[in-house]
Amino acid sequence: MENGSNQKRRLTRRHVLRSGAAALGSGAALLGGAPAPRAQAPGVVTGSQTGRTFRGLVRHGNTLDIQEMRLLPIDPRQVVIRSTAVAPCYTIVRGALGTNTIRRAEVPNHCGFGVVEAIGGQVRRVQVGDRVVVAGTSQCGQCYQCLHGRPDYCQFTFFSNAQGVEPFPPFAQFLDGTPVYAQAGIGGMSEIMTAFEEYCVPVFTDLPAAQLTLLGDQLASGFAAGHADMRFEPGSDVVVFGAGPVGLGAVQAGRVTGAGQVIVVDPIKYRREFSMKLGATTTLDPNAEGDGIVERIRELCRGPNDRRFAGGISWGRAGNAAMSRGADFVVEAAGLQAMPPKVEAQPDPTNVKTVQQAWDCTKAGGHVMLMGFTLQPVSFPGVSLALLGRTIHPGQQGGLHVMRDIPRYVKLIEKGIIDATSVITRRYTFADSRQAVQDTADRTIITGVIEFT
């Protein structure tokens, strides 16, 4: 069932009892005539969505290009969204730009932003006309993780199902009938998205779509690293490995929370320079520092005195003294090098060494979040794991609680506290969406945003 209008319908008690739960399935129905929340933008299409044609950037066969598609029927808990802006994530570039033949057609990315045009019969969170961030992480509010305060690990995101059953079935088909899937059940790089309501966060603001789409993943994830989970403290020493869109979000979190210093490590010169504008106090080139980078960071975090009874930090380099040296909070947001960049390359493309350095430069009792991917095993000294009290935080969207945090970040952007403007270093039309993915892979931009018209 689809509902594409905001028309109100009064339900009597007798009608509800007779019709059962199905009578409550209409997404636009409101008990008792309660007023609907303010819609933020008009929906263009208000009739049936099935069969509607639209275009999308699709990875199919051994290529990536724009294709015309038809929309398939939606699930009762799904939402049809007209895309207005999307920012390609670096994690998709290897799969999207690969030349190997794939077994099924897929729209890449895992977040987006747009306007709700229709809703399934069981949808409650959003209404037609709402502007919505489609986040890379769901929040159902009912699974074990959500109920125990960890919606960043909502089971709906980490979907499991019976073998052979698609967790996210195709949402469209080519004109020849070939099914088309959305990456992670979201996609985002098409004129129309369908997403389960658990991924949709309505936002009530006039901020531009290009800024709001950054809250679906990159900027929000990085800022959450220092706000939602680890929670940087005023006056603390913060280190961020990687000054891409995610890392720069963590840099801003350091500035906003009043960190004593924010040290940024990145091999790309223009990114190091850019990070200084957003709140970094010191930048380091890992290629130039080499194996001495951990000791360099420890020296920067040594503090004004080494008198332990006066709250000082040990300046000693012996093994039993060095453990107290280093940063209070470390964010590893460099990630693996998915494709050869057109700018300075990172010293370890696998990112294994960077993860180990992030651990090593964290002081005893400190915190380290591992946000960047590595596909290789990483080893840590067993004694350090057992005795140094360093807390490892997994970097799944930085601990973001989408329904709680995204509205907060909207307010911070409105007040100019979070900078969501300058981090967009290039804008693209939908016709140039493939180039946006390529530039992201080349690392010649910080954040590119595709704007739909």
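Let me start with the largest nonpolar core, which has 51 residues, and in which Leu214, Leu215, Val251, Val331, Ile406 and Tyr409 touch the most other members. By a nonpolar core I mean a set of buried Ala, Val, Leu, Ile, Met, Phe, Trp, Tyr and Cys residues joined through side-chain atoms within 4.5 Å, where buried stands for under 20% relative accessible area, exposed for over 50%, and partly exposed for what lies in between, with a 1.4 Å probe and protein chains only. At least two residues of this core come from each of α4 (209-212), α5 (218-229), β12 (237-241), α6 (245-256), β13 (261-265), α7 (269-278), β15 and α13 (402-414), and the largest share, 6 residues, is supplied by α5. Apart from this core lies another, of 35 residues, including Leu71, Tyr90, Phe171 and Ala172.

Please keep in mind that this is a predicted model, in which local features need pLDDT of at least 70 and side-chain atom pairs count only at pLDDT 80 or more, while totals for chains, interfaces and linings use all residues. Residues are numbered from 1 along each chain as its sequence is written, and side-chain values use heavy atoms, with hydrogens and water left out.

Helices (H or I, at least four residues) and strands (E, at least two) are DSSP runs numbered from the N terminus, and the protein has 14 helices and 19 strands. Of its 453 residues, 52% count as buried.

Now to α5 and α13, whose axes come within 11 Å and cross at roughly 100°; the axes are lines fitted to C-alpha atoms, for helices over the stretch in contact, and angles run from 0 to 180 degrees between N-to-C directions. Since angles of 65 to 115 degrees count as roughly perpendicular, α5 and α13 are therefore roughly perpendicular to each other. Where they meet, Ala220, Phe223, Ala224, His227 and Ala228 in α5 are in contact, that is, with heavy atoms within 4.5 Å, with Arg404, Asp405, Arg408, Tyr409 and Leu412 in α13.

Finally, where is Gln346 found? Gln346 sits in the loop between β15 (327-332) and α11 (352-360), and Gln346 is buried, with a relative accessible area of 11%. Leaving aside neighbours within four places in sequence, Gln346 is in contact with Pro267, Asn287, Gly335, Leu336, Gln337, Asn351 and Arg443. The side chains of Gln346 and Arg443 are also joined by a polar contact of 2.8 Å, a polar contact being a pair of N or O atoms within 3.5 Å, where within protein one must be able to donate a hydrogen and the other to accept it, and residues adjacent in sequence count only if both atoms are side-chain atoms.

Technical notes:
Angles under 35 degrees count as roughly parallel, over 145 as roughly antiparallel, 65 to 115 as roughly perpendicular and the rest as oblique.
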